[in-house]
Amino acid sequence: SSGINAEYGGDDTEFSKYLSELDSPDTNGYTFFTKNQTDGYSLEIYRKYDEASGLYQYKSYGELTSVDTDTVYAVYNDLEYRKKWDSYCADLHVLTETSEQQNIYWRVAYPWPLSHRDYVFIRKSKIFESIPKRWCIIGKGDPSSTHEVKSGVIRVNDYEQTLALQPSANGLGTKVFLYYFDNPGGALPSWVINWAAKTGVPQFMKTLQSACEKYTRK
């Protein structure tokens, strides 16, 4: 699987604003949204209203206590494995890649009767050999993409999901910061999208944790 532990970097300054959230959460302009805590996992989510779209931007802070950071980074970057653990993932593959970034195609299966959504996004990944060691994966929609839009599928351009990681204090688990914004377009009313995010954002982290636990046993 290409790129699982590879780095597609570029300028460090692009990563630094996300990495700083691990030590100094910046929730200015955000309001507390929800907290989830189960075995091996805890997450606090904040959100900020986006006037232009009527949707929310999300910042999540938490810890996956049962999986180490190398595993989280590998699982998040392993596109083939994602197709196995993410039941909404209908297609996911690298279109092009350079030493700086990957361009990735991703199709998400929405429940019937909704149209599937697809994304062409730019992903940059980097490991920082600092103390503590840190990992960051930036994913942002690429509106300039000319990749064909399939019939019956809605292309999402306004998207970002970025993950910053470092080992938790005891070195066994993983401290996590996740920034997320997704405007799925189509005729979905904003209240439906906002309602879905309330379960979708924490559920993604819970599923990721479970996928990491299975990955270490492969």
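This is a predicted model: local features need pLDDT of at least 70, side-chain atom pairs count only at pLDDT 80 or more; totals for chains, interfaces and linings use all residues.
Visitor: OK, cavities. How many of 30 Å³ or more does the structure hold?
Guide: One.

Visitor: What volume does the largest cavity have?
Guide: About 140 Å³. The lining has 13 residues, and those closest to the centre are Tyr76, Arg82, Phe121, Arg123 and Tyr159.

Visitor: How do the lining residues divide into nonpolar, polar and charged?
Guide: Nine are nonpolar, two are polar and two are charged.

Visitor: Switching to helix H2. How many of its residues are buried?
Guide: Eight of nine, so to speak a mostly covered helix, spanning residues 69–77. The buried ones are Thr69, Thr71, Val72, Tyr73, Ala74, Val75, Tyr76 and Asn77. Tyr76 also turns up among the residues closest to the cavity centre.

Visitor: What happens at the start of H2?
Guide: Asp68 reaches in there. One of its side-chain oxygens comes to within 3.2 Å of the backbone nitrogen of Asp70.

Visitor: Now rings. How many aromatic pairs does the structure hold?
Guide: The count is 16. Take Tyr61 and Phe177 as one of them. Their ring centres are 5.2 Å apart. Their planes sit at 40°, so the pair is tilted.

Visitor: Where in the chain are those two?
Guide: In distant parts. Tyr61 is in strand S3 (residues 55–64) and Phe177 is in strand S10 (residues 174–182). They are 116 residues apart.

Visitor: Buried or exposed, Tyr61 and Phe177?
Guide: Both Tyr61 and Phe177 are buried.

Visitor: What about Trp106 and Phe121?
Guide: That pair is edge-to-face, because the planes are at 75°; edge-to-face needs an angle over 60 degrees. The centres are 6.1 Å apart.

Visitor: Which parts does that pair tie together?
Guide: Strands S5 and S6. Trp106 lies in S5 and Phe121 in S6, so the pair ties together parts that are 15 residues apart in sequence.

Visitor: Why does Trp106 count as buried?
Guide: Because its relative accessibility is 9%, and the cut-off for buried is under 20%. Phe121 counts as buried too, at 8%. Phe121 is also one of the residues closest to the cavity centre.

Visitor: Which residues do ring pairs link into a cluster?
Guide: Phe33, Tyr49, Tyr56, Tyr58 and Tyr180.

Visitor: What lies over the face of Tyr56?
Guide: Arg47, at 3.8 Å from the ring centre. Elsewhere, Arg117 lies over the face of Tyr110, at 4.7 Å from that ring centre.

Visitor: Is Gln57 buried or exposed?
Guide: Buried, with a relative accessible area of 14%.

Visitor: What does the side chain of Gln57 contact?
Guide: Two tyrosine side chains can be named here. The polar contact with Tyr30 is 3.5 Å. The one with Tyr179 is 2.7 Å.

Conventions: Residues are numbered from 1 along each chain as its sequence is written. Side-chain values use heavy atoms; hydrogens and water are left out. On a 1 Å grid over the protein atoms alone, a cavity is a set of points where a 1.4 Å probe fits but cannot get out, and a pocket is an open set with protein on both sides within 12 Å along at least five of seven lines; lining residues have an atom within 4 Å of a point. Grid points are joined across faces, edges and corners, and a volume is the space filled by probe spheres set on the points. Ala, Val, Leu, Ile, Met, Phe, Trp, Tyr, Cys and Pro count as nonpolar, Asp, Glu, Lys and Arg as charged, and the others, Gly among them, as polar. Buried means under 20% relative accessible area, exposed over 50%, partly exposed in between (1.4 Å probe, protein chains only). Helices (H or I, at least four residues) and strands (E, at least two) are DSSP runs, numbered from the N terminus. A polar contact is a pair of N or O atoms within 3.5 Å; within protein, one must be able to donate a hydrogen and the other to accept it, and residues adjacent in sequence count only if both atoms are side-chain atoms. Rings of Phe, Tyr and Trp (its six-membered ring) pair if their centres lie within 6.5 Å; planes under 30 degrees apart count as stacked, over 60 as edge-to-face and the rest as tilted. A charge sits over a ring if NZ of Lys or CZ of Arg is within 6 Å of the ring centre and within 35 degrees of the ring normal.
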